[in-house]
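Have the viewer open as you read.

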Amino acid sequence: PSSVLLAFPQNFTAEALLRDARAGNATAQVTIAVLQFIGHFPGKAQLKGNLTRALRFLNGASAAYHVAAVLGELWRGSTDPAVCLATLRVEALGGHAGDPTAQWVLGCCLDLGPEFAAGLYENKHEAVKWFQRAAEQGHAGGLCNLGLCYRDGEGVHQNLHLAAKFFSKAAQQGDARGQVNLGMCYQYGYGVPKDLFRAAELFKKSAEQGDAQAQVNLGLCYKYG
């Protein structure tokens, strides 16, 4: 079983994303900015390429702006990937603890390598380091990706107990990815006692937020009981 590696929503409505951004959700804010940079914002509220409107959701957070700008350049192929990674590292290391969103995004770049963007290299061990730093600051994306690394044994020795722990911390924040991945832990007994009712409960919470994997899993729960 698997769920999406990136915390960027894979199946969401524009309205839900805008709502979360206005509520101060940093991941939603950065997602909107990234989608603006690449000229694609799905749903009814089409805001193609309108950088000014996109930046309203960043609330002056310079680190979030730089992360979004770097990703936009990276995905458009208009900047050397090495330069993009260097910029992300500056944000990830900045301040006292570094910016957790930059740390999470940098981890995604290193985790997926060329699958994330052409010209990137893959380094699972370094990816884990950045996910860990983001997770230590409570970043839901960092927690989920760190959980996936421990669940699948990528960049670290497999530890299902730790995987479930990190998914649980993300789920406690109401994060859809944390909920669906924790649900799968309960479904299969990964690091927690097998509990199909708890799994279905978590799938439902995640599905209500639009997570496609959770919707499929919940449908299967209803189908097979």
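## Two sides of H9

On the face of H9 pointing away from its buried side sit the exposed residues His-161 and Gln-172. Here exposed means over 50% relative accessible area, buried means under 20%, and partly exposed is in between (1.4 Å probe, protein chains only). Helices are DSSP runs of H or I, at least four residues, and strands are runs of E, at least two, numbered from the N terminus.

As for the buried set, H9 has Ala-163, Ala-164, Phe-166, Phe-167, Ala-170 and Ala-171. Looking down the axis of H9, these buried residues fall within an arc of 165°, so they line one face of the helix. That arc is taken over the directions from the helix axis to the C-beta atoms. Their cover includes helix H8 (140–152) and helix H10 (176–188).

## Where the model comes from

This is a predicted model: local features need pLDDT of at least 70, side-chain atom pairs count only at pLDDT 80 or more, and totals for chains, interfaces and linings use all residues. Residues are numbered from 1 along each chain as its sequence is written, and side-chain values use heavy atoms, with hydrogens and water left out.

## The ends of H9

At the start of H9, Asn-159 puts a side-chain oxygen within 3.2 Å of the backbone nitrogen of His-161. After H9 comes Gly-174, with a positive phi near 85°.

## Over in H11

Ser-206 lies in helix H11 (residues 196–207). Its relative accessibility is 0%, so Ser-206 counts as buried. Leaving aside residues up to four places away in sequence, Ser-206 touches Ala-176, Gln-179, Val-180, Asp-211 and Ala-214 (contact means heavy atoms within 4.5 Å).

Notes
Polar contact = N/O pair within 3.5 Å; in protein donor to acceptor, adjacent residues only side chain to side chain.
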